[in-house]
Amino acid sequence: MAETKREIERKYESDDSGLPDLTGVAGVVSVLDKGVAELDATYYDTSDLRLAAASITLRRRTGGSDAGWHLKLPVSPGVRDEVHAPLSDTVPEELAGLVRARVREGQLVPVVRLRSSRDVRDLVDVEGRLLAEASVDAVRADRLFGGTGSAQWTEIEVELADGGDPALLDKVEKRLRKAGVRPSKSSSKLARALTETASRKKPKKGSKAKGAGQGEGEKPFVGEGGTAGDHVLAYVRVQRDAIVELDPAVRLEAEESVHDMRVATRRLRSTFRSFGKVLDRTVTDPIAVELKWLAGELGVGRDQEVLSERLAAGLDDLPHPLVSGPVRERLQSWAKAQHHGSRRRLLGALDSQRYLTLLDTLDALVAGPPLLKAAGGDPEKVLAKAVRKDFAKVSALVEEAMGQPPGTDRDLALHEARKKAKRTRYAAETANPALGGPAKALTKSMKSLQSLLGEHQDSLMARVTLRELSAVAHAAGESAFTYGVLYGREEQRATAVETELPAQWKTTRGAMEV
């Protein structure tokens with residue numbers, strides 16, 4: 001079973017002088033010699049180095065205290081999540097799954113072998129607690145695939161202990177710089193090895209690695225000028241990249257990862273619909289269908305999670321005398337059963353050929369976009385027109401909902417208005433670089449409207465679930481009283497939203513200056 005931990009470290013260039021004395025760095029009382037470890041690691045990647053292009057490393061290492069397979073996923077500069085699996089002859093399936101969105105139909109092959117003699121020092125505080133590990137690594141790199149030759153160097157690595165204060169690394173770096181030690185120019189040993197052992201043969205013009213969230217021939221969007229098509233494609237590219245980058249986090253159940261990936265799929269679908277004069281919808285509509293499928297798979301677990309948290313919070317707010325029967329236990333059992341089933345289904349979707357094909361299709365779209373005539377137009381005119389069109393749809397639905405008496409028809413109209421508010425918000429986000437302040441103001445206002453209408457829809461879904469749980473409890477001979485109390489409170493929350501809506505809508509209309 002793989003284990004995950006957060007790795008926070010910094011790397012420095014080193015010469016024959018080795019590690020400067022770090023005793024006396026604020027908080028460091030002693031520097032303990034832990035001896036020399038001999039490490040032998042083989043790094044795996046695709047033949048076109050898709051993992052390296054995304055700053056991801058996958059290795060099989062022997063020696064030291066943590067022999068086994070290590071997958072390192074970037075979080076921010078100097079910070080990575082490391083997933084560790086036991087030593088085996090082949091890449092563990094769990095780790096292979098975590099890089100599947102990058103590898104796709106490619107094969108993982110050994111690309112570099114790194115052998116290091118690691119001279120380790122523990123930095124400890126007055127109570128002997130480990131603060132950080134500092135080491136001097138003498139490294140030899142041998143290229144196994146895609147290049148030739150070998151390279152050797154020495155570097156210093158300082159890794160923060162689990163749960164340590166990152167500020168310690170700043171203090172250590174200050175001491176190292178004072179001693180003439182400078183940060184490494186490479187982000188990792190693998191990055192340096194690939195650079196120093198690469199074939200010197202020039203790549204063919206226009207060639208690029210594919211399948212890693214980068215399509216062949218992609219033209220990056222730069223600056224805030226350009227055409228309407230440039231702006232739309234820049235937004236599409238960001239969402240495409242977000243889906244690929246979030247894939248491992250979703251598989252690892254990282255907080256908010258499912259929500260964030262689902263939002264990326266929604267943004268793409270909304271962009272295709274809002275800017276149908278820029279990107280040919282005969283091409284994008286089939287892609288939108290697949291994105292809707294993926295959003296649905298992501299939503300099964302996410303919607304249940306949000307609903308579970310809402311019901312639990314509502315129960316926590318009830319005075320004790322209003323809680324009758326094993327309500328909490330029933331809610332927990334329901335949530336656990338729902339999560340287990342949705343989790344298994346989601347992983348199946350992410351491992352499916354349908355999902356991998358969708359990723360390939362998005363790459364192809366960005367690399368060769370189906371641009372229409374309006375794509376070459378003035379972004380201020382083209383994008384503003386699309387945003388105004390979306391806003392008009394929201395306006396009609398909100399006005400219709402406010403004119404309806406409370407009930408099913410109003411609920412449906414408010415739900416539709418919420419969906420259109422999201423689309424308008426995403427269209428305004430796309431237009432932000434071109435339109436500036438007015439688009440930003442509309443984005444903010446639409447987000448507030450969307451949140452308000454979302455509260456109404458969440459209340460509606462909570463009431464549906466409470467009716468179902470109440471019926472099950474009643475059939476089991478339990479009191480249904482508490483479910484009725486919770487139901488009544490949810491009705492009050494929905495009524496409060498409907499009361500607040502006119503004022504919020506007035507504010508939203510005032511922000512429509514695009």
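Which residue forms a salt bridge with Glu93, and how far apart are the closest N and O atoms? I looked this up before anything else. Arg100 is the partner, with the closest N and O atoms 2.6 Å apart. I take a salt bridge as a side-chain nitrogen of Lys or Arg within 4 Å of a carboxyl oxygen of Asp or Glu. Arg100 is buried at 17% relative accessible area, whereas Glu93 is exposed at 55%. My terms: buried is under 20% relative accessible area, exposed is over 50%, and partly exposed is in between (1.4 Å probe, protein chains only).

**Ground rules**

I am working on a predicted model, where local features need pLDDT of at least 70, side-chain atom pairs count only at pLDDT 80 or more, and totals for chains, interfaces and linings use all residues. Residues are numbered from 1 along each chain as its sequence is written, and side-chain values use heavy atoms, with hydrogens and water left out.

**The chain overall**

I counted 14 helices and eight strands. These are DSSP runs numbered from the N terminus (helices H or I, at least four residues; strands E, at least two). The C-alpha atoms fill a box of roughly 80 × 65 × 45 Å along the principal axes. Of the 514 residues, 48% are buried. I then checked contacts, meaning heavy atoms within 4.5 Å. Among those between residues at least 6 apart in sequence, 73% join residues at least 24 apart. The accessible surface is about 24900 Å², and carbon and sulfur atoms hold 52% of that. Areas come from the Shrake-Rupley method with a 1.4 Å probe; for residues, only the protein chains shown count as cover.

The structure holds 55 salt bridges. I opened the one between Arg113 and Asp40, at 2.5 Å, N to O. This pair links distant parts of the chain: Arg113 sits in strand E6 (residues 109–124) and Asp40 in strand E2 (residues 30–45), 73 residues apart. Arg113 is partly exposed at 29%. Asp40 is partly exposed too, at 22%.

Next I took Asp137 and Arg118, whose closest N and O atoms are 2.8 Å apart. Asp137 lies in strand E7 (residues 130–143) and Arg118 in strand E6, so the bridge ties together parts 19 residues apart in sequence. Both residues are buried. Salt bridges join Asp137 and Arg118 into one network with others, including Glu7, Lys72, Glu155 and Lys189.

**Charge**

I find 80 positive and 76 negative side chains, with the centres of the two sets 6 Å apart. Lys and Arg count as positive, Asp and Glu as negative; His and the chain ends are not counted. Each charge is placed at NZ of Lys, CZ of Arg, CG of Asp or CD of Glu.

A positive patch on the surface gathers Arg273, Lys277, Lys292, Lys385, Arg388, Lys389 and Lys393. Members of such a patch have over 30% relative accessible area and no salt bridge, with like charges joined within 9 Å. Helix H11 (residues 379–402) gives the largest share, four residues. Arg273 is in helix H7 (residues 257–274) and is partly exposed at 42%.

**Ala473**

Which helix holds Ala473? I place Ala473 in helix H13 (residues 437–475). Ala473 is buried at 0% relative accessible area. Leaving aside neighbours within four places in sequence, Ala473 contacts Arg330, Glu478, Ser479 and Tyr483. I also checked Val327, 146 residues from Ala473 along the chain; their C-alpha atoms are separated by 8.5 Å.

Terms used. Patches are made of residues with over 30% relative accessible area and no salt bridge: like charges are joined within 9 Å, nonpolar side chains (Val, Leu, Ile, Met, Phe, Trp, Tyr) within 5 Å.
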